[in-house]
Amino acid sequence: MEKNLIDVCLGRIKADLVVKCKSMLNVFSGEILDDISIAVKGDKIAYVGKNAETMMGTGTEVLKISDGTAVPGLIDAHTHMDMLCTPTEQAKHMLIHGTTTIFAEPDELTSVMGFEGFKTFVKETEKLPLKVYVTIPLAVPQDPKLSSVKPLPISAYKEALTWSNIIGLGETVAWTLMLDKDSHYIEKFKLAIEKGKLIEGHTAGARNAKLAACVCAGISSCHEAINPEQALERLRLGIFLMIREGSVRRDLTAILPDLVQRGIDLSNAALVSDWVDPLDLKELGYMDYIIDKAVEYGLDPVKAIQMVTINPARHFRMDQLIGSIAPGRYADITVLKSLNRPK
Ligand SMILES: [Zn+2]
């Protein structure tokens with residue numbers, strides 16, 4: 001229960017900040033609403049609506065947004081930020097481009113430094129103004145029989161799965177080994193499922209019965225679809241579809257126009273980067289660039305924004321805290337100059 005937020009709504013105490021927006025996107029209804037005030041106490045939103053006057057006092061800061069549309073802070077549902085430059089440096093540029101939350105997996109640091117590398121990443125990202133939720137790598141190594149990289153011990157998974165910012169297990173690259181019930185995977189899957197944590201997928205090439213078996217094993221998402229058929233098959237099986245547009249691969253152009261033309265429901269889908277090269281981040285942008293591309297390929301801008309806000313928040317079971325501008329959520333607000341060309 002958020003006692004302070006209740007008291008702000010009822011005018012018993014004053015808001016720290018009121019943001020007055022000329023235009024705001026409600027990601028639940030898909031409406032663009034005019035003249036909305038957002039009352040904030042601490043780091044959370046108490047009230048969103050037209051009647052914030054009673055919540056304002058002499059100590060309340062007022063911020064007017066008269067140009068552009070306020071949308072929830074953007075979310076990258078699958079990325080890596082431990083390559084080529086530090087998480088701290090990348091976070092600065094991610095925030096500048098309107099992204100306030102990422103779900104990241106430190107495969108590189110963990111490969112090189114083991115559990116100490118993983119802990120170093122978590123410690124550094126905990127201090128950032130960017131919210132970073134972390135998955136524990138399963139792809140370190142992808143196949144223990146073919147690599148000299150040592151897998152993390154099961155004790156590391158047991159320990160890390162108790163930390164509040166650990167969302168679950170990372171991408172299951174060697175899904176064929178997992179289907180063969182290889183001990184490298186099975187024990188960790190059991191542990192994550194027992195603790196109610198998610199297992200992220202990487203089911204490149206899996207289809208039909210094998211893809212269904214991956215879902216039965218507990219895999220909840222996939223960012224490896226590279227054509228509309230693969231994307232649709234994943235959507236139909238209830239897999240959270242992550243369409244990738246980053247520096248590793250750019251799949252939007254192959255997938256999105258076809259899905260849009262067929263009128264496919266994309267509420268169980270997100271747009272993700274799966275890693276952005278620091279130069280691309282600086283020169284092209286980040287999730288704002290990806291929304292821009294999605295709109296260029298025919299997606300309705302509101303739907304594109306839902307795919308980088310409320311949709312991933314629901315997938316990660318965190319929609320009570322992130323992914324919308326609504327009471328009780330973190331006051332993560334991004335202003336886009338134009339919804340049609342957000343970049
Ligand atoms: Zn990845």
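Predicted model: local features only at pLDDT ≥ 70, side-chain atom pairs only at ≥ 80, totals over all residues.
Local features here need pLDDT of at least 70 and side-chain atom pairs 80 or more, while totals for chains, interfaces and linings use all residues. Residues are numbered from 1 along each chain, and side-chain values use heavy atoms, without hydrogens or water.

Okay, the zinc. Which residues coordinate the zinc ion? They're His 78 and His 80, each through NE2, plus Glu 171 and Asp 274 through OE and OD, at 2.1 to 2.2 Å. Donors are N, O and S atoms within 2.8 Å of the metal (3.2 Å for Na, K and Ca), and with no water among the atoms, sites may look incomplete.

His 78 sits in strand β6, and Asp 274 in the loop between β13 and α10, so this pair ties together parts 196 residues apart in sequence. Strands are DSSP runs of E, at least two residues, and helices are runs of H or I, at least four, numbered from the N terminus. His 78 is buried at 4% relative accessibility, and Asp 274 is buried at 5%. Buried means under 20% relative accessible area (1.4 Å probe, protein chains only).

Now the cores. A nonpolar core is a set of buried Ala, Val, Leu, Ile, Met, Phe, Trp, Tyr and Cys residues joined through side-chain atoms within 4.5 Å. The largest one has 72 residues, and Met 81, Val 132, Ile 136 and Ile 243 touch the most other members. Helix α11 gives the most to this core, 6 residues. There's also a second, separate core of 15 residues, including Phe 240 and Phe 316.

Definitions and conventions:
Buried < 20%, exposed > 50% of the residue type's maximum accessible area, 1.4 Å probe, protein only.
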